[in-house]
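Reader: I'd like to go through the side-chain contacts in this model with you, starting with the aromatic residues and then moving to the charged ones. Could you take me through them?

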Amino acid sequence: MKEVTVNVTCLNHAGNPSYRLYVDTDLLTERTWIWPQNIYIKEHLFVDIQPGEHTLRIEIPGSMAVNRFKMDNVTVDGLPVNHQNGVFFLDK
């Protein structure tokens, strides 16, 4: 079991947007954004993933506004992970 953390920031607060957070194809959380601007949510996700390539992604239900949320400061078991558009490689 690995702990993946990611900071999620909402860039457009109009209408209390919702997001779903996935690792690969597994839906791990869904939230409606109710916090003020300049706030981020540090998501703690516990996933059973093996070494290899994985994808961390945000889906916005019922919307094509993919740039409404931002992900940064991704870690796996407390160690920073380099990712390109949410795709990261797990060594061990």
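Reader: Let's begin with W33: is it buried or exposed?

Author: This is a predicted model, and in it W33 is buried, with a relative accessible area of 1%.

Reader: And how many aromatic pairs are there?

Author: The count comes to 4 aromatic pairs. One of them is formed by Y19 and W33, a tilted pair with 6.4 Å centre to centre and 45° between the planes. Because Y19 lies in strand β2 (residues 18-23) while W33 is in the loop between β3 (26-32) and β4 (40-47), this pair ties together parts that are 14 residues apart in sequence.

Reader: What about Y19 itself, buried or exposed?

Author: Y19 is buried, and its relative accessible area is 0%. Y19 also forms an aromatic pair with F69, again tilted, at 4.9 Å centre to centre and with 55° between the planes.

Reader: Which residues make up the aromatic cluster, then?

Author: One aromatic cluster is formed by Y19, W33, W35 and F69.

Reader: Switching to charges, how many salt bridges does the search find?

Author: A search of the whole structure finds 6 salt bridges. Among them is the one in which the side chains of D77 and K2 meet, at 3.5 Å from N to O. D77 lies in the loop between β6 and β7 (79-80) and K2 in strand β1 (residues 2-10), so the pair ties together parts that are 75 residues apart in sequence. Of the two partners, D77 counts as partly exposed at 42% relative accessibility, whereas K2 counts as buried at 18%.

Reader: Where do E30 and R20 lie?

Author: E30 lies in strand β3 and R20 in strand β2, so their pair ties together parts that are 10 residues apart in sequence. The closest N and O atoms in this salt bridge are 3.2 Å apart.

Reader: And what does R57 do?

Author: R57 forms a salt bridge with E59, the closest N and O atoms being 3.6 Å apart. R57 is partly exposed, with a relative accessible area of 32%, and salt bridges that share partners join R20, E30, R57 and E59 into one network.

Definitions and conventions. Residues numbered from 1 in each chain as written. Predicted model: local features only at pLDDT ≥ 70, side-chain atom pairs only at ≥ 80, totals over all residues. Heavy atoms only, no water. Phe/Tyr/Trp six-rings, centres within 6.5 Å; stacked < 30°, edge-to-face > 60°. Helix = DSSP H or I, 4+ residues; strand = E, 2+ residues; numbered from the N terminus. Buried < 20%, exposed > 50% of the residue type's maximum accessible area, 1.4 Å probe, protein only. Salt bridge = Lys/Arg side-chain N within 4 Å of Asp/Glu carboxyl O.
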